[in-house]
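Trainee: Could we go through this structure together? I would like to begin with the backbone and then move to the packing.

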Amino acid sequence: MSAGLAVRGLCVSRGARAVLRGVDLEVAPGELCALMGVSGAGKSTVLRAIAALQPFGEGSITVGGFALRPGPLPPESRLRELRSKVGMVFQAHSLFEHLTVLENVTLAPVHSLRWTRERAEEAALALLTALGVAARASARPRELSGGEAQRVAIARALALDPLVLLMDEPTSALDPARRRALGETLRALAKQGRGLLVATHDADFARAHADRVVVLADGVLVEQGEAREVLLRPAHRATRALLSAPDELAASPNPY
Amino acid sequence: MAAVILLGACGRAASGGTPRAPLRWGGDAEGGAPFVEADPSDPARVRGFDVEIAAMIAHGLGREPRFVQVAWASIEASVERGDFDVGMSGVEDRPELRARHAVSIPYFEFHEVLAVRPDDAGRLRTLADLAGRRVATLGATTAYRILLDARERYGVIPVSYDDDVHPYADLVAGRVDAVLLDDIIARRSLRRTGGFVIQPVPVATGHYVAVLARRNVALRDSVNAVLRSRMRDGSLERTFRAWGVWSDAEGRYFQRVLAESPPRAAAALSGATAARTYLPALLRAAVVTLLLSCLSMALAVAAGALVAAGRVYGPPLVRRLLGLYVEVTRGTPVLLQLFVIYYGLSGLVRLPAFAAAVLGLGLNYAAYESEIYRAALEAIPRSQLEAARTLGLSEGQILWLVRGPQALRLALAPMTNDFVALLKDSSLVSVITVVELTKQTAIYATNVGSWVVPGIVCAVVYLAFSLPLSHAARRLERRWSLA
């Protein structure tokens, strides 16, 4: 457990509204876990709490021995250990527009880990090559396609060699071929021993690539288990709702 | 005497028919006593020896005097435009004046005298003693011209003021080492503030005259006739005595004036000669403008960035204080701020004029810059900052590496705008004795009597500064947006 990610009794409220109401989940090293739920179920909030971008009221989050406590966010100087252990890929990628692809990837090693530029660039090029975007190293983010930008964002998050990689809705802008390629990339990352927590409402993607699925509905974890098991024989109506057509989902924001 | 009676008769004859238009005469009440000052018992009226002489002239012409307020430096241009008939407010006789306007006979002889601090009285007696020292005077006067000559001959450093009070204040404060001005003004300042001594040997002699539009030669001759008769009958002497500026030497001077025929107009500087003469001074002033603008902008950018960072990242108290600074600085005229920094603070810190100018303009523009940077910083999406945080960057690194550079791209266009505005606002610092491009142009224009050539030269120099700047900014902007 100390090598992976453990979330216990996580509660987050925004004003009077309870967004998360006691979420427990674990991601072991080498495991690809899909965090599923309809829009508004609280998937992004879970990821943001783990990445220390969102304070939480109750519960605990432990990543490889580093514990986050309830209450206001600690200053960045006290989060350095967490930052080197948790990487995050944002849904909109959030690449730094004023930097080239290579500079985006070397920014953290050079300024956070104090690597020399040569070393950081060598490592960054290796990452970009592994992800198939080395040819775009000198391009600016706005010149990239959606799929390329996502792979650069993954490379940037991997530059700190994190134990746990968080991804928010990575398949939302990808066509089926790209989705399959992404799934293979993520599997390869898991094989390296990283824990991956991927927030998605894409059941096909989860079924094809995830080891395990946890289903979130209205701030509560309603179902979890092996991906095929949960998605073939869903026990909870929220999971069943996820498996139906996306436009029906939009019509029923609250599965209860 | 006969002439007076004749004139008086003419006046009466004329006024007996249709009432004649009043004689409008222009002067500057800011110049103060004994020339023209607002009457303390009725500030709507003016008094002074120039006021009384104007009344003598008007009555001598059978007309009523009517005062028109005009800035002293603009008297000549205004009289030529026809804003009033006669200008007189300590107007100095000089060759260019006679070449361009109709000028009366001198009605008073004054002396340009040096004022120095008591400790220096023994060693700073003449202009030659003032080599390498700062000597103050009123801009665009004979005294200023004498100082420009003395710069060539002795290495004196002329310092031009827009009024005749602050030169003496700065002399006492130690900002300048001497003041060269009319003895009337020097003695008045000695009575009012003191703290200095007037050297007994005058540097030069000058004369006050009335100035009229060039075409008004006939009126000028009538004015001369009235002045001569008032010299003869002692009215002028009584007026000067009443204002405490009479001396026996003045009486001897009057005798000389009455004995001789009116002086002929001297040759004026031709346009081309004037341009050549003033070109080095204009270039020097252009360098001052450029240097002043660049240093002020550098200060504005640095201070503005600090204020913006304080307002975005600082604790509530710091935010409130910086907000107050921005509001007060933006909400009051930069002219007032320059005065306060240079004169108001002179009791605490005695800043050199150029430093005060850089400080005043820089801190004023810092308020505007800080608002641009604050808006730009706040325009950077939160997701960019969060992405940077997940990469383990400290808040300072995020500002320096992610937020700042992106904000700078947003701020570039408004910053360029401000720099161009600052370039032009730098002309305001002439009020604290820094002679920059616009001031030097005004001096040039006063001396050649036309704004056409000096105005064009000045505009071209400003454009030569601002156009490449905007061009470079546009190129940089394009590069950033394309890249």
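Trainee: Where is Ser94(A) found?

Mentor: In this predicted model, Ser94(A) belongs to the loop that runs between β6 (86-89) and α3 (101-111) of chain A.

Trainee: What is the phi of Ser94(A)?

Mentor: Ser94(A) has a positive phi of about 50°, although it is not a glycine. For comparison, most residues other than glycine have a negative phi.

Trainee: Is Ser94(A) buried or exposed?

Mentor: Ser94(A) counts as buried because it has 23 C-beta neighbours inside 10 Å, and the cut-off for buried is 20 or more.

Trainee: And what about Glu169(A), what is its phi?

Mentor: Glu169(A) is not a glycine either, and its phi is positive, about 45°. Glu169(A) sits in the loop between β7 (164-168) and α6 (176-191) of chain A.

Trainee: Why does Glu169(A) count as partly exposed?

Mentor: Glu169(A) is partly exposed because 19 other C-beta atoms lie within 10 Å, whereas a buried residue needs 20 or more.

Trainee: Let us change topic. How many residues does the largest nonpolar core have?

Mentor: The largest nonpolar core has 92 residues. Those with the most contacts inside it include Leu35(A), Ala155(A) and Val213(A). Helix α5 (residues 146-158) of chain A gives the largest share of this core, seven residues. Apart from this core lies another, of 74 residues, with Met88(B) and Ile185(B) among them.

Trainee: Which residues does Ala155(A) touch?

Mentor: Leaving aside residues up to four places away in sequence, Ala155(A) touches Val105(A), Ala124(A), Leu127(A), Leu128(A) and Leu131(A).

Trainee: Now chain B. Which residues of helix α9 are buried?

Mentor: In α9 (residues 235-242) of chain B, the buried residues are Leu236(B), Thr239(B) and Phe240(B). They cover an arc of only 95° around the axis, so they lie on the same side of α9(B).

Trainee: What do the buried residues of α9(B) pack against?

Mentor: They pack against α2 (49-60), α8 (217-232) and α10 (248-259) of chain B. Just after α9(B), Gly244(B) takes a positive phi of about 70°.

Trainee: Lastly, how many residues of chain A are in contact with chain B?

Mentor: In chain A, 21 residues are in contact with 18 residues of chain B. On the side of chain A that touches chain B, α2 (80-85), β6 and α3 of chain A each supply at least two residues.

Trainee: What is that side of chain A made of, by class?

Mentor: The side of chain A that touches chain B has nine nonpolar, seven polar and five charged residues.

Note on methods. Residues are numbered from 1 along each chain as its sequence is written. Chains are lettered from A and ligands numbered from 1 in the order in which they are written. This is a predicted model: local features need pLDDT of at least 70, side-chain atom pairs count only at pLDDT 80 or more; totals for chains, interfaces and linings use all residues. A nonpolar core is a set of buried Ala, Val, Leu, Ile, Met, Phe, Trp, Tyr and Cys residues joined through C-beta atoms within 7 Å. A residue is buried if 20 or more other C-beta atoms lie within 10 Å of its own, exposed if 12 or fewer, and partly exposed in between; C-beta atoms are placed from the backbone. Helices (H or I, at least four residues) and strands (E, at least two) are DSSP runs, numbered from the N terminus. Two residues are in contact if their C-beta atoms, placed from the backbone, lie within 7 Å. The arc is that of the directions from the helix axis to the C-beta atoms. Ala, Val, Leu, Ile, Met, Phe, Trp, Tyr, Cys and Pro count as nonpolar, Asp, Glu, Lys and Arg as charged, and the others, Gly among them, as polar.
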